Amino acid sequence: MAVATALVCAAGLAVLGAPGVTYAAPGPTPDPTPSISPSASAGVAADDATRRLETIHKEVEELYRKAETATDAYNAAGEQLRLQEKSIADLTRRLEAAQKRMDTLRTQAGALARAQYRSGGFNRTQLFLSGSPDSFLGNVSLARKGEQATRRLLTDVTATKAELERYTKDAGERWKALDAEKKKREAAKKEIQERLDAAKQLESRLAAQEKERLRLLEEERARQAQDRWLASDAARQLTGRGSVAATGDAARAIDFATAQIGKDYVWGAEGPDTYDCSGLTLKAWAAAGRAIPRTSQEQWRQLPKVDVKDMRPGDLVIYFTDASHVGMYIGDGRIVHAPRPGRQVTVTGAGSMPVLGVVRPG
């Protein structure tokens with residue numbers, strides 16, 4: 001038994017002392033969570049902060065873009081209001097003139113009726129019993145003139161009455177249209193304010209340092225978009241032609257637009273101290289003697305379109321699929337525009353936003 005025990009102990013010692021096998025001294029149970037160095041923790045926190053700012057940037061930009069779309073609707077309703085008000089004013093003048101004409105005709109009709117009453121009306125027997133041929137012919141002529149005057153008077157009364165009725169109906173319809181445009185404008189105004197308030201609330205939650213980082217992030221995203229646009233075929237063909245100097249009306253429009261640099265964006269504004277995007281282009285081309293539509297959507301719809309590769313200074317670049325933003329091309333791949341609330345009229349890359357197309361006022 002003692003021999004067996006000794007053999008077992010010897011075998012155990014041989015295993016423990018086998019080459020290549022080592023064992024650490026017993027210690028505390030290790031934590032299954034991997035350890036992170038302070039520098040790695042800082043990197044994760046920075047990534048999280050960047051992602052948060054990215055999210056805020058997207059939300060803020062989307063809110064401002066929706067506000068700009070609503071601004072276009074507000075401006076369009078304002079234009080329709082002006083047109084309807086002018087139309088109603090013109091119609092009112094025509095209605096007043098027609099009413100005066102009707103009053104005159106009624107006076108004439110009353111005078112004619114009283115004259116016929118006093119003379120007993122037109123008597124054909126007396127006409128044929130005239131004492132002489134000359135008297136007979138004279139009476140016939142007078143009778144015909146009287147009948148013609150009566151017919152003309154009745155015709156004028158009927159036509160003027162119909163005109164009055166038409167004008168009255170038109171006035172009613174135009175007042176309804178005016179009221180509808182007012183409601184559209186108020187709805188657009190409410191939507192604009194809601195979007196702007198939501199964007200401001202998001203931005204107000206950021207500390208000053210984060211706001212600066214957000215601004216830099218916006219600039220970086222715009223630069224990246226511009227680089228992608230410059231790499232497109234159309235932009236390469238455009239820049240390959242070299243810088244084309246603006247002339248004539250386009251030069252005057254650009255001079256006006258660039259003179260507004262630094263002025264605040266205010267939705268619905270047309271200057272002289274503040275502008276929205278289409279208000280700036282509207283006034284710039286007005287300074288050059290050209291009338292163009294008020295909103296970026298109508299500018300896109302009504303003005304002649306040109307290819308990006310054929311763009312020249314003074315042309316208007318329309319942005320986003322709903323044509324809700326516009327800037328003026330000034331050459332060298334740049335535009336001058338009024339960006340959004342909280343920003344000022346500035347120069348930026350023509351491709352810094354999604355380009356819908358280009359239109360030419362002149």
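Q: How many of the 11 residues of helix α8 (residues 277-287) are buried?
A: Helices are DSSP runs of H or I with at least four residues, strands are runs of E with at least two, and both are numbered from the N terminus. A residue is buried when its relative accessible area is under 20%, exposed when it is over 50%, and partly exposed in between (1.4 Å probe, protein chains only). In this predicted model, α8 is mostly covered, and its count of buried residues is 8.

Q: What is the average pLDDT of the chain?
A: Residues are numbered from 1 along each chain as its sequence is written. The pLDDT is the predictor's confidence in each residue, from 0 to 100. Here 74% of the residues score at least 70, and the chain average is 78.

Q: How many contacts beyond near neighbours in sequence does the stretch of residues 1-40 have?
A: A contact means heavy atoms within 4.5 Å. Over residues 1-40 the pLDDT is below 50, and the number of such contacts in the model is 1.

Q: Which residue just after α8 takes a positive phi?
A: First, a look at α8 itself: among its buried residues are L280, A284 and W285. Just past the end of this helix, a phi of about 85° is found at G289.

Q: Is A257 buried or exposed?
A: You can find A257 in helix α7 (residues 248-259). Leaving aside neighbours within four places in sequence, A257 contacts L280, A284, M328, V336 and V345. Its relative accessible area is 1%, so A257 is buried.

Q: What distance separates the C-alpha atoms of A257 and V336?
A: These two residues are in contact. They are 79 residues apart along the chain, yet their C-alpha atoms are separated by 6.9 Å.

Q: Which residues does G262 touch, not counting residues up to four places away in sequence?
A: G262 sits in the loop between α7 and α8. At 48% relative accessibility, G262 counts as partly exposed. With those neighbours set aside, its partners are Q344 and V345.

Q: Which residue's side chain is joined to that of R360 by a polar contact of 2.8 Å?
A: R360 lies in the segment after β6 (355-359), and R360 counts as buried because its relative accessibility is 15%. A polar contact is a pair of N or O atoms within 3.5 Å; within protein, one must be able to donate a hydrogen and the other to accept it, and residues adjacent in sequence count only if both atoms are side-chain atoms. The partner of R360 in this 2.8 Å contact is D315.

Q: Which element supplies the largest share of the lining of the largest pocket?
A: Three elements, α2 (38-119), α5 (208-230) and β5 (346-349), each supply at least two lining residues. With 8 residues, the largest share comes from α5.

Definitions and conventions: Predicted model: local features only at pLDDT ≥ 70, side-chain atom pairs only at ≥ 80, totals over all residues. Heavy atoms only, no water.
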